[in-house]
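Me: Hi! Could you walk me through this one? I'm new to reading structures.

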Amino acid sequence: METDGFYPLLPMQRWLLKTHLNRPNSTMMNISALFRFDQKFDLEQAIKCTMESLNAHDIFRARLVKHPVTGEWCQRFDGEIEPLFIEKLSDEEFEQRKKKLIRPYELINRPLYRLEFFVTPTAKYVFFDCYHVMLDGIAAMILFWKEVEMRYCGKKISRRPMNYAEYVLKELKIPPEELEEGNKFWREMLSGFDETKHLPPPDVHDSQQWQQNTLIIDLKNISHEFFTQTARTENTFFIAATMLAIAKTTGARNSVMSWVHNGRYTSQERRLVGIMIEQFPISWDFTEDLSAGEFLDGLEEKIQTGMKYRHSLGTIYDEGLEDDCATLIFHKKEIGAFNETEFAGLPVEMIDLPPSEYAAAENFLDLELNLSNDGKYFIYFDYNAGRYSETAMKNFAATFDEIVRALQDGRKMISEIL
């Protein structure tokens, strides 16, 4: 495929960019982290290794541009990798600087990541921020930093990674006629979506407010041991719990939502630094009663069927069919690696960043489910404070936790749970 250096955006990229352009001055598409190291950490060596990894992946050369002929948003992979440097600050100056680290991106022909290195009298810091249209959490917080760590430890990076530009061209080679069956499948699945039935009821009614709020809730009624002792998959189980929690809070007898897959299916893709995630819709009609075990089996089958049509997901992204769905993101220990306490054998701590003055909610409601190192689960709620109060989210979390407990009894009837 001839590109003249201009590569089309993939459907997920188009969708995320379109969503952001509704609030272009926000930081809703930023993926950010601040790491604190002790004084033994060699910042000069870290910068050298980071530069090597930046140059190894074309996604860090990516720039968003408008095509000179069509005027459509597209991407180039020929930007410059800008040099990194260390900034020296007092501890007091750094505390003030920390408040300004997360900021919006200039989208036209500008770098779409930030790396900043700081040293103070008491610690050393690395700030990393990237634009979600170009990188997902696994690429940014696991693949990239694991590679930097390997270089820092003197380990050889033996295999050349696939370029993201190559991946884009591969994905765009699928003939449109091969996507039609999947297009129909997804449109039918989402045809009955109704936010009054398929989202928790709002208790705040500020239609002009898209202020992001977050909340972390520990699940008390389940541990990882349940899954090690049964044949149940965590992702399917927690999708089921989310669907039932929404149905119970709305009084509906069907459920429609979305869940996120990491989008990496081959060995090459599992090493590719770029945005790969896919957001799958899922629906279920609870009119006909069945047991919890039967529901989980049926839901797993439906999920597997949907994944066969993953290349048709562009239809729902482009048509905005799941824009308002509640979304479950199950990180397990993938993003947990982002919270590790060591880097190259040295202690490291991830520091909470102050809320950005530019923050805006991306969706009505995202539930990011995480598994901690001690086998416990917790939910990170990312929600629109113009629709939900913190109290509403805590009440929904309590309902979710009770449903999680009930679902573990495969003989319990869904009607009883609801």
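Me: Where does Asp285 sit?
Reply: Asp285 is in strand S10, residues 278–285; strands here are DSSP E runs of at least two residues, numbered from the N terminus. This is a predicted model, where local features need pLDDT of at least 70, side-chain atom pairs count only at pLDDT 80 or more, and totals for chains, interfaces and linings use all residues. Residues are numbered from 1 along each chain as its sequence is written, and side-chain values use heavy atoms, leaving out hydrogens and water.

Me: Why does Asp285 count as partly exposed?
Reply: Because its relative accessibility is 49%; buried means under 20% relative accessible area, exposed over 50%, and partly exposed in between, with a 1.4 Å probe and protein chains only.

Me: New topic: which strands does S14 pair with, for instance?
Reply: S14 runs antiparallel to strand S15 (residues 376–384), joined by seven bridges. Two strands pair if DSSP finds at least two bridges between them. One partner pair is Leu367 with Phe381 in S15.

Me: And what is between those strands in the hairpin?
Reply: Four residues lie between S14 and S15, and Gly375 in that hairpin takes a positive phi near 80°.

Me: Is S14 buried or exposed?
Reply: Seven of the seven residues of S14 (residues 365–371) are buried, so the strand is largely enclosed by the rest of the structure. Leu365, Leu367, Leu369 and Leu371 are buried on one side, and Asp366, Glu368 and Asn370 on the other.

Me: What order do the strands of the open sheet take?
Reply: The three strands go S1-S4-S3, with antiparallel pairing. S1 (7–8) and S3 (63–66) are the edge strands, each pairing on one side only.
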